[in-house]
Amino acid sequence: MDFKDTPREAEFRTEVQAWLKENAPKFNVNNSTRASLDPDEGLKLGKAWQAAKADAGYACMTWPEEFGGRSAPPIEQVIYDQEEGKYELPVGYFSIGLGMCGPTMAAYATDEQKKQHLPRMVRGDDIWCQLFSEPAAGSDVAGLQMTAKQEGGDWILNGQKVWTSGAHFCDWGIIVTRSDPTVPKHKGLTFFFLDMKSPGIDIRPIEQISGQSNFNEVFFENVRVPDAQRLGAVGEGWGVAITTLMNERLAVGNAPPPFITDLIALARETELDSGPAIDDTAVRQNLADWYVETQGLKYGHFRMMTALSKGETPGPEASITKVVSASKLQNMCAFAMELMDVGGSLMEPDATPHEGFFQEGFLYAPGFRVAGGTDEILRNIIAERVLGMPQDIRVDKTVAFRELPSGAQ
Ligand SMILES: Cc1cc2nc3c(=O)[nH]c(=O)nc-3n(C[C@H](O)[C@H](O)[C@H](O)COP(=O)(O)OP(=O)(O)OC[C@H]3O[C@@H](n4cnc5c(N)ncnc54)[C@H](O)[C@@H]3O)c2cc1C
C-alpha cells in the first residue's frame, strides 16, 4: 500500500486545490442553505457547478477528449474527488448519470450516439437516470417484469419501475426490460436508453421520511423506443446491466457526512450532568470505536487508490466500504441525537445544534444501506467473491421466466 502522492500526483493535487479554493465557495451548499434550498434552485446551482467544472477540465476526467473528458489516469479523478469532497457542493444530481449511465453508454452505444450524448452529460446539460428496480425486482433485478415488444423499427414498453432517483428532473434514462419470458430470467432481457419526455411515461415522486422527494415511481404505457436506442443485442440485456452494476459498486462508496470529526465536535460542546460529554467514559468508548472504523475505511480507501494508481481496477472488496460506512453513519447519527437530548428530536435548523445535520444523516442512512445493493447483498458478494465461500443456492436460473411463481401471474 502506498500512502503518498507521486510528485506528479502532488502537483496535480495542488493545482486542483487552487482551482477549488477560487471557484467552489461560489457554489457551496452549506448546512443552512441546504435546509432552505428550493429544489429548482438546487438543480440550477448544480448545473452551473457541473458546467464550471467541465469548462475547467475537471468533469469526467478519465473519459476521452472527444466525449468531454481529458483521458486522465483514474488516480487523478480520485484526487480531484477527494479535494472536491472538502466542500459541500451540489454534485448529487449527476452521480448516477456520470457514474453508471455514462460508462454503460461508452461501452455499448454507437460512436455517433456517444458524441451526441456524452459531452452533454459531462457538462450537466442533460441529466440521466437508471430505471432498473421494480416493485418485485430490486436485489433480484433479473426478475423484472417490464415488457418490451418489437413493432417494426420500434419497441413498445409497458410496466412499472420504482425508486428511480432523479427521474422527475432527468432528460434521459437507461432501462432494462423483458423481451422474452419463455427463456430463463437472465436470458430474456433487452436494454435501451430513452428520452424521459417520451409519450406514455408517467413520473410520480415518492415522499421520503425526510419530507424530500428524491426518487420516483415511473409508469410506462405503450412507450415507443426506437430500436437504434437498444444497447447490446436482443436478449443480452443482462450483460449490459452488469456493466452498469459494476460501475455502481465503484460509484456508491463511502457514506456522506456527518463524519467522526463532526461527532467529536458535538461531544466537545455538549454538557452532560456529569460535565462535558467528551470527558464521559461511555461517550469516549463509542467515539473510539467509530474512530477505529473510520481509520479502517481510510486505509481500505488507500488500498483502492494504490490499485488505481497502478492502473488496476479495485475488486469486489470495494463493497466493504459501503457496508461498514452506511451502518456507521446511522449509528453515529443516532448517538449524536441522544447526546443532544430533546434537541435531537427536532429538525428545524434554528432549533437544534448543528442545524439538524445529524438528524438529516440519521434519516438518510437507512436508504443508503439499501441503495446500490443492500447490506445483505453486499455481504453475500464479500462472502462469495472476496472470501471464496460457497454460492447461494439459485433454483430459478434454468427455468423459463414465465414458469416462475409470481404474484403478478
Ligand atoms: C436511496 C435509494 C435510491 C435508489 N435509486 C435507484 C435508482 O435510481 N434506480 C433503480 O433502479 N433503483 C434504485 N433504488 C432501488 C434499489 O436498487 C433497491 O431498493 C435495492 O436493490 C433493494 O431492492 P428492494 O428495495 O426491492 O428490496 P428487496 O430486494 O426486496 O430486499 C428486501 C430485503 O431482503 C433482503 N434480501 C433480498 N435478497 C436477498 C438474498 N439473496 N440474501 C439475503 N437477503 C436478501 C434485502 O437485503 C432486504 O433486506 C434506490 C434505492 C434507494 C434506497
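Helices here are DSSP runs of H or I with at least four residues, strands are E runs of at least two, and both are numbered from the N terminus.

I noted that this is a predicted model, where local features need pLDDT of at least 70 and side-chain atom pairs count only at pLDDT 80 or more, while totals for chains, interfaces and linings use all residues. Numbering runs from 1 along each chain as its sequence is written.

Next I looked up the shell itself: 20 residues surround the ligand, the closest being F132, G138, S139, T374 and E376. To count as near, a residue needs its C-beta atom, placed from the backbone, within 6 Å of the molecule. I got 9 nonpolar, 9 polar and 2 charged residues in that shell. Nonpolar covers Ala, Val, Leu, Ile, Met, Phe, Trp, Tyr, Cys and Pro; charged covers Asp, Glu, Lys and Arg; the others, Gly among them, are polar.

Then I zoomed out. I counted 12 helices and 10 strands in the protein. The C-alpha trace spans about 75 × 45 × 45 Å along its principal axes. Of the 409 residues, 32% are buried, meaning 20 or more other C-beta atoms (placed from the backbone) within 10 Å of their own.

Note on methods: Buried ≥ 20, exposed ≤ 12 C-beta atoms within 10 Å, placed from the backbone.
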